[in-house]
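Dear colleague,

Please find the structure below, handed over for your reference. My findings follow directly after it.

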Amino acid sequence: MKLFLAPMEGVVDFKMRELLTDLGGFDMCVTEFIRVVDLTLPRRVFVRYCPELLNGGLTRAGTPVRIQLLGQVPHALAANARKAVKLGSHGVDLNFGCPAKTVNKSKGGAVLLKAPEQIYQIIRAVREAVPHEHEVSAKIRLGFDDDANSTEIVDAVQSAGASSLVIHARTKRDGYKPPAYWEKIPPLLERLTIPVVANGEIWQVEDAMRCQQRSACDNLMLGRGALATPDLAAKIKAHVEGRDYRPLEWQEVVYHILHSSMHQDPEVGEKYFSSRTKQWLGYLKLQYPQAHTLFDEIKRLKSKDDVVSVLDKYAKSPLLDSNHNNEPTA
């Protein structure tokens with residue numbers, strides 16, 4: 001089993017990837033999408049979205065990171081994909097699943113699910129531009145308004161030469177509303193020989209096991225579930241491997257927020273850490289009742305120092321090994 005950290009725009013940035021992979025369990029991260037119009041972007045743009053490029057394309061814990069590109073112009077995406085791998089990205093991912101209206105209006109993301117031929121042209125151009133040893137993966141949904149052309153979509157992905165495919169088991173119209181239709185993936189697998197990763201509505205270990213069973217996919221991608229339970233990937237891996245695992249306590253989660261370095265970034269404004277912490281607590285509320293109390297305490301605070309002071313009251317340092325995993329050293 002391999003676990004992938006999903007590319008969530010405005011949420012799973014460099015520091016979140018660093019923190020979540022420190023906790024263990026993930027085999028690969030995918031960046032927030034880099035929007036491509038018709039130009040080859042400068043190096044600084046790639047490094048801004050993926051600072052891990054300065055570390056061999058790896059997070060602090062050694063987890064590989066793959067840059068995701070979004071756009072509609074095949075030759076432009078190909079040129080930027082070639083540059084991404086030259087800079088150290090572990091392959092390139094292509095976004096055909098983003099449901100955001102602003103993205104779809106510019107003919108990027110999920111709107112391309114209406115045009116399998118365009119998907120084919122994009123993947124083919126990128127595959128021809130990127131050296132064979134680097135993966136070219138694609139992330140799709142089951143369709144746009146419905147899943148009527150899902151077979152055409154996956155056929156386009158595979159025939160264009162993609163190395164692997166992530167299927168978010170919902171349509172664009174479904175958005176992020178539960179359920180995820182994992183059972184719709186197996187008929188598509190019958191047409192595919194490339195590896196497929198299932199994505200959608202994995203919040204608990206039990207969800208991961210059900211997703212594997214219903215989707216017939218060994219490999220999974222975690223998104224919001226990993227924000228609600230930061231050590232979810234580690235818990236899933238421990239379950240699959242039959243290992244004992246002590247889940248993070250609430251005080252330890254707060255410790256990780258406090259020591260995420262999000263409040264130490266001189267390039268962002270004073271309110272950034274406060275906003276990011278409140279955003280994250282919105283997810284943590286789904287699994288930790290204590291998050292409601294903490295949110296109430298900081299919801300009117302704007303200063304990072306004030307927020308840090310409140311977090312510090314609740315934080316408890318976990319036992320960390322040399323790789324920052326939540327396990328004591330032997």
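**Strand S3 and its neighbours**

In strand S4, Val-92 is the bridge partner of Ile-67. S4 (residues 92-96) pairs with S3 in the parallel sense, over three bridges; two strands count as paired if DSSP finds at least two bridges between them. Helices (H or I, at least four residues) and strands (E, at least two) are DSSP runs, numbered from the N terminus. Between S3 and S4 the chain passes through helix H3 (residues 74-87), and this β-α-β crossover is right-handed, that is, with the strands pointing away from the viewer, the path from the first strand over the helix to the second runs clockwise.

Please note that this is a predicted model, in which local features need pLDDT of at least 70 and side-chain atom pairs count only at pLDDT 80 or more, while totals for chains, interfaces and linings use all residues. Residues are numbered from 1 along each chain as its sequence is written, and side-chain values use heavy atoms, with hydrogens and water left out.

S3 is also joined to strand S2 (residues 28-35), to which it runs parallel, by five bridges. Phe-33 stands opposite Gln-68 of S3. S2, helix H2 (residues 43-49) and S3 form a right-handed β-α-β unit.

Why is S3 largely enclosed by the rest of the structure? Six of the six residues of S3 (residues 65-70) are buried, so the strand is largely enclosed; buried means under 20% relative accessible area, exposed over 50% and partly exposed in between, with a 1.4 Å probe and protein chains only. Val-65, Ile-67 and Leu-69 cover one side, and Arg-66, Gln-68 and Leu-70 the other, all of them buried.

**The barrel**

Eight strands close into a barrel with parallel pairing, in the order S1-S2-S3-S4-S5-S6-S7-S8. Strand S1 (residues 3-5) is joined to S2 by two bridges, and Phe-4 has Met-28 of S2 as its bridge partner.

**Helices H12 and H13**

Helix H12 (residues 272-284) and helix H13 (residues 290-298) pack at an angle of about 155 degrees, with their axes 9 Å apart. Axes are lines fitted to C-alpha atoms, for helices over the stretch in contact, and angles run from 0 to 180 degrees between N-to-C directions. Contact means heavy atoms within 4.5 Å. H12 and H13 are therefore roughly antiparallel, a term for angles over 145 degrees.

**Lys-313**

Lys-313 lies in helix H14 (residues 304-314) and is exposed, with a relative accessible area of 58%.

With kind regards

Terms used
Angles under 35 degrees count as roughly parallel, over 145 as roughly antiparallel, 65 to 115 as roughly perpendicular and the rest as oblique.
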